[in-house]
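Q: I have a structure open and would like to go through it piece by piece. Could we start with how the helices sit on the sheet?

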Amino acid sequence: MVSGPAPTRESYYRAMAEALPPETLVVTALGNASYLWAAIRDRAENFYVEDAMGLALPLALGLAVARPDREIVAVEGDGGLLMHMGALVTVGAAAPENLTVLLIQNGVHAASGGQALTNAALDFAALAEAAGVARARNIGTEEDFGPALGGALATPGPSFLALATAPDLDVVVPPSGFDPVVTKRRFQDAIDAPRYVPTLFGGGRLVEG
């Protein structure tokens with residue numbers, strides 16, 4: 001058990017910003033998870049999920065499978081993960097070696113007003129292990145987080161770190177110029193992904209770059 005107040009999301013994020021290699025692809029969940037990360041470490045390699053609770057992990061999993069040459073980090077919320085538990089089971093089954101999952105465990109649905117989870121005390125690391133993710137830990141302090149994240153990035157995964165976090169219900173103001181369309185396009189450029197361009201009479205086509 002951890003004594004004292006839980007670390008803030010910001011404290012974890014600042015430790016992440018120092019530890020992550022520049023080429024790491026980071027997918028963050030909706031709301032403060034994305035806005036705060038954009039304010040701290042905005043770059044083309046970030047994909048900020050907007051208005052789609054629980055889909056940061058499925059997107060990151062797809063990236064990890066499609067681009068095994070890149071390190072992928074997913075930042076998901078505990079409420080979002082509970083909405084899409086199948087994604088965690090699929091992580092265990094696919095076992096991508098380049099995926100690290102960071103779960104913000106604050107016990108509430110922060111993006112929708114702070115409603116308490118149905119089971120805020122759930123052991124998410126044990127849940128991940130049961131889903132087939134062999135490297136799973138519960139983290140309760142900033143001091144534990146740094147070495148745990150470093151180990152996850154240095155060791156073939158998948159890895160799952162559940163981060164005990166104080167709820168942050170005040171909405172973070174995204175940095176000036178925060179635009180989901182721009183984010184998508186520059187992220188595609190960062191991963192050298194083809195773009196789907198709609199055509200005038202329906203359908204579309206794939207273009208490079």
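Q: Which strands does helix α7 lie across?
A: Helix α7 (residues 142-154) lies across β3, β4, β7 and β8 (159-164), and runs at about 165° to β7. Helices (H or I, at least four residues) and strands (E, at least two) are DSSP runs, numbered from the N terminus. Axes are lines fitted to C-alpha atoms, for helices over the stretch in contact, and angles run from 0 to 180 degrees between N-to-C directions.

Q: Before we go on, what kind of model is this?
A: This is a predicted model, in which local features need pLDDT of at least 70 and side-chain atom pairs count only at pLDDT 80 or more, while totals for chains, interfaces and linings use all residues. Residues are numbered from 1 along each chain as its sequence is written, and side-chain values use heavy atoms, with hydrogens and water left out.

Q: OK, and in what order do the strands of the sheet come?
A: Six strands form an open sheet in the order β2-β1-β3-β4-β8-β7, with parallel pairing, where two strands pair if DSSP finds at least two bridges between them. The edge strands, each pairing on one side only, are β2 (46-48) and β7 (135-139).

Q: How many bridges join β3 and β4?
A: Strand β3 pairs with β4 (residues 99-105) in the parallel sense over six bridges, and Val75 has Leu102 in β4 as its bridge partner.

Q: What about Val73, is that buried or exposed?
A: Val73, which is found in strand β3 (residues 72-77), is buried, with a relative accessible area of 0%. Buried means under 20% relative accessible area, exposed over 50%, and partly exposed in between (1.4 Å probe, protein chains only).

Q: And which residues is Val73 in contact with?
A: Leaving aside neighbours within four places in sequence, Val73 is in contact (heavy atoms within 4.5 Å) with Leu20, Thr24, Leu25, Val26, Val27, Thr100, Leu102 and Leu153.
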